[in-house]
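Let's take a walk through a protein model together. Keep the sequence and the picture side by side as you read.

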Amino acid sequence: MISATAVAGTNIALVKYWGKRDEALNLPATGSLSLTLDRLGTRTRVTFDGGDGAADRVLLDGAPAAEKVAARVTTFLDRVRARAGIAARATVVTDNSVPTAAGLASSASGFAALALAATAAAGLDLAPTELSVLARLGSGSAARSIFGGFVEMARGARADGSDAAAHPLEAGAGWDVRLVVALTAAGEKSLGSTAAMRRTAETSPYYEAWVRGVDGDLAAARAAITARDLPALGAVAERSAMRMHASAMAADPAILYWNPATIAAMARVRALRAEGASAFFTIDAGPHVKVLCDARQAEVVAAALAETPGVLRTLIAAPGPGARLEEVG
Ligand code: PMV
């Protein structure tokens, strides 16, 4: 019986993914662009050992996973089993480097690590692009965590999703930026991304405008990475996040992920910029603020955010590698 352990870092989108063209296959309505991080990741061990007999056994951060989480893992493993021609249930032991309850638990690093560990344990040897396609079926953003550094996710055109995969942006390799994470609340996010994307697409009058703008943002982000122009990349990142959230806020009922500390942190970043720092915020489907900045300014940015009212904790992350196997056997 083979068991495999894989590690993946989470990624933060600088050009957001917000909307699906196919919900069953997690096909994005647009491309997206992200940075994979060295911290905030997942380590997952998969063994096709029969699980608990009837079902897969899923342990998350040392305890049995909630039913919804376990069901999502089983659906994903079913695809791997079908592909490998095996039937055995599995034991999955997965740990996030930041406790899931901190609200930063990431389906991105989770499904990237699971895709790699499960395929290796099942005896499959997939190329990175195939792994990216597979990880996407677990979570759209997970497709990007297969690769390290700056990564672009393609929207793809095919109905089967075989061309909706991520690829690394080599022009960004070695660029020494940092992402400072400011946690502004404890606990899980209020509304999951799939439901929120669906509601935005179905009810927000701004959704079409959001989709129309993404290709331009992707082109601008790519150019900024090639030129190593942090203010240009930061401007795109802030714009993309604000437009994503504006489209969600205009849904019915409205989707608002921010809390007072989110806004205070955004204001602090703008103030830092006015003082000459090269720092730019982005916000995902939750209240936390992530700040892209120059490596040399990361400590100052983190200290300023740490003293912002309502900010509970800060973390500094650097660009990190793609998903990798730690152990097979
Ligand atoms: O991969 P999902 O379904 O959790 O969606 C991710 C959505 C955002 O984090 C808000 C944006 C992104 O591109 O990561």
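How far apart should the ends of helix H2 (residues 107-121) be, at 1.5 Å a residue? The 15 residues of H2 should span 21 Å, and the end C-alpha atoms are 20 Å apart, which agrees. That expected span is 1.5 Å times one less than the number of residues. Helices (H or I, at least four residues) and strands (E, at least two) are DSSP runs here, numbered from the N terminus.

A quick word on the ground rules. This is a predicted model, where local features need pLDDT of at least 70 and side-chain atom pairs count only at pLDDT 80 or more, while totals for chains, interfaces and linings use all residues. Residues are numbered from 1 along each chain as its sequence is written, and side-chain values use heavy atoms, with hydrogens and water left out.

Back to H2: 14 of its 15 residues are buried. Buried means under 20% relative accessible area, exposed means over 50%, and partly exposed is in between (1.4 Å probe, protein chains only). Just after H2 comes glycine 123, with a positive phi of about 85 degrees.

Now zoom out. The domain assignment, which is automatic or from a database, gives domain 1 (3-173) and domain 2 (177-317). Their C-alpha centres lie 23 Å apart. Across the two, 32 residues of domain 1 are in contact (heavy atoms within 4.5 Å) with 44 residues of domain 2.

Next, pick out leucine 40 in strand S4 (residues 32-47). Its relative accessible area is 11%, so leucine 40 is buried. Among the residues that leucine 40 touches are Gly9, Ser97, Val181 and Leu315.

What about charges? Side chains of opposite charge can pair when their charged atoms come close. A salt bridge here is a side-chain nitrogen of Lys or Arg within 4 Å of a carboxyl oxygen of Asp or Glu, and the count comes to 15. In one of them, glutamate 326 pairs with arginine 43, the closest N and O atoms being 2.9 Å apart. Glutamate 326 sits in strand S14 (residues 324-328) and arginine 43 in S4, so this pair ties together parts that are 283 residues apart in sequence. Glutamate 326 is partly exposed, at 46% relative accessible area, and arginine 43 is also partly exposed, at 41%.

Finally, look at aspartate 56 and arginine 81, which meet in a salt bridge (2.9 Å, N to O). Both residues are buried. They also belong to a network of salt bridges that links Asp56, Asp78, Arg81 and Arg89.

Note on methods:
Lists of a residue's contacts leave out its neighbours within four places in sequence.
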